[in-house]
Amino acid sequence: MKYLVLLILLCSRMVFAWCPDEGQVITLQGALAEHTYPGPPNYESIENGDEAVTNEFIQLDEPLECDLTQENESVAEVQLVFVGKSQASAAQLSPNQKHMIVATGKTMYAHAGRHYTPVLLLVDEVKPVAMALTPELKKSMLAQFQQFQQALRSNDVAAVKSWFLFPLNGDTYGFEPDTESQPYSKLTAEAFDRYGHQIIANLRLLSEVEVNPDTLEIKERRINALSAKEQQRRYFPGDEDGTFFYEENGQRHAVVGTCDEVASGEFNEETLTVYQGTSANNTLPGLSEMCDGASLFNFKLIEGKLRLVSSFTVG
C-alpha cells in the first residue's frame, strides 16, 4: 500500500504541539549540523570583532512547539551541549557526513548569549541512525521485528516498551482505543507506563504480519469482514456507489460494501514502515472515504538496534 505514504502529506491528522519541560530527559531525532555564530564579548557580529563560535545542533525531524517568550514558537533546531563522555562520542560524528542521529539528554532553556536556540540539550548520549539499508541490514530489521511481534503476542509490557524511542514523533491515534479518546498528547515513557496494556492491544494486528528475513518478504495480513457464508455468494453492483445485491430463493437482497482489517509493511529508504488499518473488501468494496485509513509505524536501526521512532495516522 505505497499510496499510504502519499496520504501522509494529504490527510494526516494534526501532530499535537509539544514542548519539553526544562530539565526533562528526552531523546531527539534528526540530522547533525554544525553552525558558526558570533560569540564573546558581545554575541552580535563576527565582522565587528566578536569571536566566531562553532557548535553542533540537531535539525529535528519534528519541531518542538514552545511558548517560552509569550509567543508560540516553532523550534526546528536544538543546540547540543556535549560534556564528558558524550563529547568523546560526538567526536566520532562529523556533521559534514550528514549523520542522522538520536541524542538523549536533559533539556535546558536559553538564558545566555552563548545559547543559540530557545531549547538546548545537555547531551548524555548520541547514536547514529543507519541511513543506507543494505540487504543484510534489512534482514536484521525483519529478524528483530519478529522479536517485537513476539513481545506483542506475549503481552510483555516491559519488552514492548524497550522497542520505543521516547518521546515518539508523530501523533498518538494508532495507540488509542478510538479517535474520541485522547489520554495523552505525546507518547512519552510515562504515558506508555500508564497505558501499556492498552497500547499493546491496539498493536496486536501487527503481530500477525508474516515476515521472512531470508527473502525480505512482508505479507499482508487481511481479516475478511465477510463470514464464510457471505463469501460464497455471488454479488452484483447496486444502483448507488458502494451498494451491491445478491439473489437467494428468487429474491434480491441489498447489501453495502465493507472494509477489511489489514496490516503489512515495506521498506522506505532508511525506514521499515509497518501499518495497520482498513481497506476495501475484495468482494464487496467499501467506499474509499470509509475504508482507506491506517496508522503507520516507522522503525529505524539505531546502532544496530531496531527502534520504533514515529507513528502517523492517515485517512
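**Exercise 1. A charge over a ring**

Find the ring over which the charged end of K305 sits, and give the distance from its centre.

*Solution.* In this predicted model, the charged end of K305 sits over the ring of W163, at 3.8 Å from the ring centre.

**Exercise 2. Aromatic pairs**

Decide how the rings of F236 and F245 are arranged, and state for each residue whether it is buried, partly exposed or exposed.

*Solution.* Begin with the search of the whole structure, which finds 13 aromatic pairs. In the pair made by F236 and F245, the ring centres are 5.4 Å apart and the planes meet at 25°. Planes under 30 degrees apart count as stacked, and the pair of F236 and F245 is therefore stacked.

Next, turn to accessibility, where buried means under 20% relative accessible area. F236 has 27% relative accessibility and so counts as partly exposed, whereas F245, at 14%, counts as buried.

Finally, look for rings that are joined into a group: F164, F166, F175, F192 and F297 are linked into a cluster by ring pairs.

**Exercise 3. The disulfides**

Count the disulfides, name the cysteines that each one joins, and work out the handedness of each link.

*Solution.* The count comes to two disulfides. One of them joins C19 to C66, with an S to S distance of 2.0 Å. The torsion about the S-S bond of C19 and C66 is about 90°, so this disulfide is right-handed. The pair links distant parts of the chain, since C19 lies in the loop between α1 (3–11) and β1 (25–38) while C66 belongs to strand β2 (residues 52–66), and the two cysteines are 47 residues apart. C19 has 22% relative accessibility and therefore counts as partly exposed, whereas C66, with a relative accessible area of 2%, is buried.

The other disulfide joins C259 to C291, again with S to S at 2.0 Å. With -80° about the S-S bond, the link of C259 and C291 is left-handed. Here too distant parts of the chain are linked, with C259 in strand β13 (residues 259–268) and C291 in helix α7 (residues 288–291), 32 residues apart. At 23% relative accessibility C259 counts as partly exposed, and C291 is buried at 1%.

**Exercise 4. A sheet and its edges**

Give the order of the strands in the open sheet that contains β11, and explain why one side of β10 and of β12 has no neighbour there.

*Solution.* Three strands form this open sheet, in the order β10-β11-β12, and their pairing is antiparallel. Because β10 (236–237) and β12 (251–256) stand at the edges with a single partner strand each, one side of each is left without a neighbour in the sheet. Strand β11 (residues 243–248) pairs with β12 over six bridges in the antiparallel sense, and T243 stands opposite V256 in β12.

**Exercise 5. The surroundings of one glutamine**

Describe where Q29 lies, whether it is buried or exposed, and what its side chain reaches.

*Solution.* Q29 lies in strand β1. With 7% relative accessibility, Q29 counts as buried. Its side chain reaches the backbone oxygen of V309 at 2.9 Å. Leaving aside neighbours within four places in sequence, the residues in contact with Q29 include I58, L60, I101, L165, N169 and V309.

How values were computed. Residues are numbered from 1 along each chain as its sequence is written. This is a predicted model: local features need pLDDT of at least 70, side-chain atom pairs count only at pLDDT 80 or more; totals for chains, interfaces and linings use all residues. Side-chain values use heavy atoms; hydrogens and water are left out. Rings of Phe, Tyr and Trp (its six-membered ring) pair if their centres lie within 6.5 Å; planes under 30 degrees apart count as stacked, over 60 as edge-to-face and the rest as tilted. Buried means under 20% relative accessible area, exposed over 50%, partly exposed in between (1.4 Å probe, protein chains only). A charge sits over a ring if NZ of Lys or CZ of Arg is within 6 Å of the ring centre and within 35 degrees of the ring normal. A disulfide is a pair of cysteine sulfur atoms within 2.5 Å. Helices (H or I, at least four residues) and strands (E, at least two) are DSSP runs, numbered from the N terminus. Two strands pair if DSSP finds at least two bridges between them. A polar contact is a pair of N or O atoms within 3.5 Å; within protein, one must be able to donate a hydrogen and the other to accept it, and residues adjacent in sequence count only if both atoms are side-chain atoms. Contact means heavy atoms within 4.5 Å.
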